[in-house]
Amino acid sequence: MIAIIDYGMGNLRSVQKALEFLGHEAVITDERAALSAAERIILPGVGAFGDAMAQLKRRELDKAVLEAAETGKPLLGICLGMQLLFASSEEGGRFEGLGIIPSTMTRFPDRGLKVPHMGWNSLNLRPCPLFEGLPESPYVYFVHSYYASEVSDAWTVATCDYGAPFTAAVRRGNVYGTQFHPEKSGAAGLQMLQNFAALKEGC
């Protein structure tokens, strides 16, 4: 069973529908007991970083995410959910994140391109279980104004170009994050969710 964390921010149903389409049981929950019982956890999200962290802490769901990371349970952060895995964000000030990935989210610099970065863009993939069976440069769907800066090369598993290369997906052990939306990225995104659903504990 896959648990989708409900902390009041994000289009949770679209993630659930994508997983159900693939034949997987997926529940939307804000209960720590259900998250502990789940085999895999997805942390989605749309909105402001500071508000999201406040909601996670208020419901003590931050503890459930950190517990999953520490125990080896497969964990996937999507869009804002990926950003929350980082140490901090400069969105609207300076806010602390979950600290699983020691880097900061910063706003895209002015390079003459529209911010937010919105729409389809291609990925440059590195070997990762999440990308098994994908073409070399799949197109995926982005909506974001902040990006992961100065991420360790050891944890970057995909990059994307938007004026300059940026980290589009990360992996640290059993913890994965995608800045793009797999559930909105057609066949490539569905393949990623299928790959995530097949991950074993510790992977």
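Is Phe142 buried or exposed, and at what relative accessibility? In this predicted model, local features require pLDDT of at least 70 and side-chain atom pairs count only at pLDDT 80 or more, whereas totals for chains, interfaces and linings use all residues. Residues are numbered from 1 along each chain as its sequence is written, and side-chain values use heavy atoms, with hydrogens and water left out.

Phe142 counts as buried, at 0% relative accessibility, where buried denotes under 20% relative accessible area, exposed over 50% and partly exposed the range in between (1.4 Å probe, protein chains only). Phe180 is likewise buried, with a relative accessible area of 0%. The ring centres of Phe142 and Phe180 are 5.7 Å apart and the planes stand at 75°, so the pair is edge-to-face; rings of Phe, Tyr and Trp (its six-membered ring) pair if their centres lie within 6.5 Å, with planes under 30 degrees apart counted as stacked, over 60 as edge-to-face and the rest as tilted. Because Phe142 lies in strand β10 (residues 139-144) and Phe180 in the loop between β14 (175-178) and α6 (186-197), the pair ties together parts that are 38 residues apart in sequence; helices (H or I, at least four residues) and strands (E, at least two) are DSSP runs, numbered from the N terminus.

Phe108 counts as buried at 7% relative accessibility, as does Phe166 at 4%. Ring pairs link Phe108, Phe142, Tyr147, Tyr162, Phe166 and Phe180 into a cluster.
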